Amino acid sequence: LKQRVLDILGTWGLGTVVVAAGLIFTYQFVQPAPPKSIVLATGQDGGAYEYYGEQFAAYLATQGIEVELLETAGSVENLELLEGAEGVDLGFVQGGLADVIPTGNVMALGSLYLEPVWFFVRAGVEISSIEGLVGKRLAVGAQGSGTRAVVQSVLSAHGINSESAVFLDTDAVELGKGFADKTIDAAFLISGPESDIVAGLLAQPGIKLQSLDRAAAYARRYSYVSRVVLPQGVLDLQSDLPSSTIETVALTAMLATNRELHPALVDLLLIAAADIFGKHSLLSDAGEFPTPRYIDLPLSEDAERYFKNGPPFLMRYLPFWAATLVDRLWICLLYTS
């Protein structure tokens, strides 16, 4: 009996050693664990991208992922950073830039929310149509911003360029000063309604928010925009902002990455996006975002799988670190079985 027990223990011991060795060997070839820190390119100080970057950072911190927020000039710079080798993992990118700034290494994880086009005009300046911008001093967005690229593209369709109007390279945070100094006649800004800059301009005397007179035409002409109506007072009932119903168009803000991002992080980021953007808002219904719609960058295959099947089973019930550990060990077992 003693010898039999020793034989059994020896057999099981040898089997355990072989399995353990197989797991260790296979583990070397399984995809590396997700990184503990990532870099997210946001936008200008006080903008919506900074605001939402902080929310992503707070959510991912609960899952053991540190997020470094990188302040940039905006979408154009974010695309350039993602396309290059600057160590940036993610970035907020405004829709409508794919044709203006072609890239080969950047993919979308999905659309996050709507960004209206805000058209501000200095009080006393009469502009009844886009054609009325000829000869005016226009703040069309800072160099490197998505606002500038998209606005210039739309204005060119009307025959308006830097020769028929004065295009000002004014940073979004300087718009209020420019209006106060009367160095700006009109300004375009593309940002979410939560932006501090938008709120400041709406509240500043001497500036009026106007409708885009051909919003419906833009929505039909450009696939990446949609028509938006802002009812009177929807932004601030007490202050009655806007003071009249505004018709404009909106693009979507996308979360973009490069092809090197770890697949497990895609699932976590979209879970975070659903938590941050999935609620009812001023411009969208509950559950509308995030979505694979309204993007003009290639959709990540991992994001496509998420939108089709939902979050991975393990990530529905386990913390991120535990889910990814179990998933990797499960793959090891499959390879060694």
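Which residues does L255 touch, not counting residues up to four places away in sequence?

Analyst: L255 touches L40, F56, L90, G91, F92, M107, A108, L109, G110, L112 and L269, with residues up to four places away in sequence left out. Contact here means heavy atoms within 4.5 Å.

A word on the basis. This is a predicted model, in which local features need pLDDT of at least 70 and side-chain atom pairs count only at pLDDT 80 or more, while totals for chains, interfaces and linings use all residues. Residues are numbered from 1 along each chain as its sequence is written, and side-chain values use heavy atoms, with hydrogens and water left out.

L255 belongs to the largest nonpolar core, which has 54 residues. Such a core is a set of buried Ala, Val, Leu, Ile, Met, Phe, Trp, Tyr and Cys residues joined through side-chain atoms within 4.5 Å. Buried means under 20% relative accessible area, exposed over 50%, and partly exposed in between, with a 1.4 Å probe and protein chains only. F56, L60, L109, L255 and F277 touch the most other members of this core. Helix α8 gives the most to the core, with ten residues. Apart from this core lies another, of 44 residues, among them V76, I101, A186 and M254.

Now follow α8. Helices (H or I, at least four residues) and strands (E, at least two) are DSSP runs, numbered from the N terminus. Helix α8 spans residues 263–277 and packs against α9, residues 301–309. Their angle is about 50°, and their axes lie 9 Å apart. Axes are lines fitted to C-alpha atoms, for helices over the stretch in contact, and angles run from 0 to 180 degrees between N-to-C directions. The pair is therefore oblique. That word covers what is left after under 35 degrees (roughly parallel), over 145 (roughly antiparallel) and 65 to 115 (roughly perpendicular).

From α8, the contact uses P263, V266, D267, L270, I271 and A274. From α9, it uses D302, A303, R305, Y306 and F307. Eight of these residues are nonpolar, none polar and three charged. Ala, Val, Leu, Ile, Met, Phe, Trp, Tyr, Cys and Pro count as nonpolar, Asp, Glu, Lys and Arg as charged, and the others, Gly among them, as polar.

The loop between α8 and α9 holds P290. The F289 to P290 peptide bond is cis, with omega near 0°. Y294 sits in the loop between α8 and α9 too. Its phi is near 65°, a positive value in a residue other than glycine. Y294 is partly exposed, at 25% relative accessibility.

The loop between β9 (226–230) and β10 (246–258) contains P242. The peptide bond from L241 to P242 is cis, with omega near -5°. D240 lies in the loop between β9 and β10. Phi of D240 is near 55°, again positive in a non-glycine residue. D240 has a relative accessible area of 30% and is partly exposed.

N105 lies in the loop between β3 (90–94) and β4 (106–122). N105 is buried, at 16% relative accessibility. Beyond four places in sequence, N105 touches L82, E83, T257, N258, R259 and E260.
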